[in-house]
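Welcome! Take a moment to look over the chain below, and then we will walk through some of its features together.

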Amino acid sequence: MEKFDIIIAGAGSIGVPLSLFLSKEKYRVCVIEKNHSPGQGQNKAAIGGVRATHSDSSKIKTCLKSIEIFSSWKETYGDDIGWQKGGYLFPVYSESDKKVLLELLKVQKNYGLNIEWIEKDDILELVDGIDDRGLLGGTYSPDDGSASSILSSNAFYFKSLEYGTTFKFNENINEISKKENFVIRTNKGEYESEYFINAAGSHAKAVSLMLGVDVPVKPDCHMAAITEPLERFMKPMVVDIRKGEASSNCYFYQNFEGQIIFCLTPSPQIWGYDRRASSEFLNESAKRVLSVVPSMKNVRVRRMWRGLYPMTPDGFPVVDFDAGGIKNYILAVGMCGQGFMMGPGTGWVITEILSGRKKKDDDMVINFKLERSYSGQEKLK
Ligand SMILES: Cc1cc2nc3c(=O)[nH]c(=O)nc-3n(C[C@H](O)[C@H](O)[C@H](O)COP(=O)(O)OP(=O)(O)OC[C@H]3O[C@@H](n4cnc5c(N)ncnc54)[C@H](O)[C@@H]3O)c2cc1C
């Protein structure tokens, strides 16, 4: 039986950067992935938004680390992952939304985040053609940004290979047992390891149940679409928090190739594993995007897709050690709508903890325990 120090389930937004940091630290790492190549689960569905401006300290700290890694990747390793430091803009059209964002701003500033309330004229500079009728201003965080989830996953994968990670593709984990070590059985073989890390995304619950540990993660469907490339007219990711007919928010940005990528949060939520795209999304999202930037009305949409947020009841991830009382069983799951931006920071902090440089209750993970009430709510899921 092949033996490793650490086996990771899933070569996705979390598993790939995690394997990179662990291998760099000289652990013998194996990533088992049921798809044929890295990033083919929900990673490739992510539209690439990366922000630290959350409402929870562990998420903020993890994403600040991720931003450091994304933003310096090209300079450090040479690959272009499409990183753009365009910021996040939350334009506001009502007094009630203004109140909510100003309250949140206080919390975010307390965490030292670079975010400010900006006026209408500043917004017009950031997004040419934004509807300024009734625009009251908005919050803007210039250090946030975006990157291509596909280019990032490939870059992390090749670096991880270079550091010595073994990837087993087209292998489905079917059974896991634990005595002294973990024994992982796939459709192709059996592997042994001292540590087992569950990074199986929207399938995290099924994988965890193989060890008898339940995790409250279920698939929550979201769709996105991409347009033809356009001359640059907007800098930030725009998040419109107004409620729509069938959506609770909508967000879009112009990527490094000039294309607009847009997404919304369906209301009510759509649960399940059905990934077939539906034209209802396009009706709702086109209306929403045009209500913010009316001049986009003749832009052609090239492609749309549907993916799954690995959702938890409170919108926060689960990153935990010795989970369910099983020694060396690590959970890095329930990333909700932020797994791409959480990936590098989560991989880095798990490696720091396993290497003994940080404690298991470090600030970056303290709020992500499996055993918690799940009664809180992330304000900007
Ligand atoms: C439309 C849309 C837009 C999004 N936009 C953003 C965004 O802008 N920014 C952001 O940060 N996030 C975004 N997300 C969320 C993000 O895609 C997810 O949070 C993230 O991909 C989850 O990462 P993960 O590693 O947990 O899961 P995945 O990336 O899905 O990786 C898990 C892997 O585990 C594998 N696996 C599962 N079970 C097994 C098994 N039994 N055996 C072997 N392999 C297995 C899967 O095949 C998969 O490859 C978006 C999601 C959607 C759907």
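How do the residues of the lining of the second largest pocket divide into nonpolar, polar and charged? Let us find out, keeping in mind that this is a predicted model.

## The pocket and its lining

The lining of the second largest pocket divides into ten nonpolar, five polar and five charged residues. That makes up a lining of 20 residues. If you want to find the centre of this pocket, look for Lys 44, Ala 46, Ile 150, Arg 303 and Trp 305, which lie nearest to it. The volume of the pocket is about 310 Å³.

Which elements give two or more residues to this lining? They are helix H5 (149–163), strand S15 (259–266) and strand S17 (301–311). The largest share comes from S17, with three residues.

## Two domains

Now step back to the whole chain. The domain assignment gives domain 1 (2–74 + 149–216 + 314–368) and domain 2 (85–144 + 219–311). As you can see from these ranges, each domain is put together from separate stretches of the chain. The C-alpha centres of the two domains lie 28 Å apart. Their contact takes 28 residues from domain 1 and 26 residues from domain 2.

Why does the second largest pocket lie between the domains? Domain 1 and domain 2 both give residues to its lining, so the pocket is placed between them.

## Where the domains meet

The size of an interface is often given as the accessible area lost when the parts come together. Here, the area buried between domain 1 and domain 2 is about 2100 Å². Carbon and sulfur atoms give 65% of that area. How many salt bridges are counted between domain 1 and domain 2? The count is zero.

## Two backbone details

Ser 267 and Pro 268 are joined by a cis peptide bond, with omega about 0°. Pro 268 sits in the loop between S15 and strand S16 (270–271), and S15 is one of the elements that line the pocket.

The other spot is Asp 322, in the loop between strand S18 (318–320) and strand S19 (329–333). Asp 322 has a positive phi of about 50°, although it is not a glycine.

Key
Residues are numbered from 1 along each chain as its sequence is written. This is a predicted model: local features need pLDDT of at least 70, side-chain atom pairs count only at pLDDT 80 or more; totals for chains, interfaces and linings use all residues. Side-chain values use heavy atoms; hydrogens and water are left out. On a 1 Å grid over the protein atoms alone, a cavity is a set of points where a 1.4 Å probe fits but cannot get out, and a pocket is an open set with protein on both sides within 12 Å along at least five of seven lines; lining residues have an atom within 4 Å of a point. Grid points are joined across faces, edges and corners, and a volume is the space filled by probe spheres set on the points. Helices (H or I, at least four residues) and strands (E, at least two) are DSSP runs, numbered from the N terminus. Ala, Val, Leu, Ile, Met, Phe, Trp, Tyr, Cys and Pro count as nonpolar, Asp, Glu, Lys and Arg as charged, and the others, Gly among them, as polar. Domain bounds come from an automatic or database domain assignment. Contact means heavy atoms within 4.5 Å. Buried area is the accessible area (1.4 Å probe) that two parts lose on being put together, summed over both. A salt bridge is a side-chain nitrogen of Lys or Arg within 4 Å of a carboxyl oxygen of Asp or Glu.
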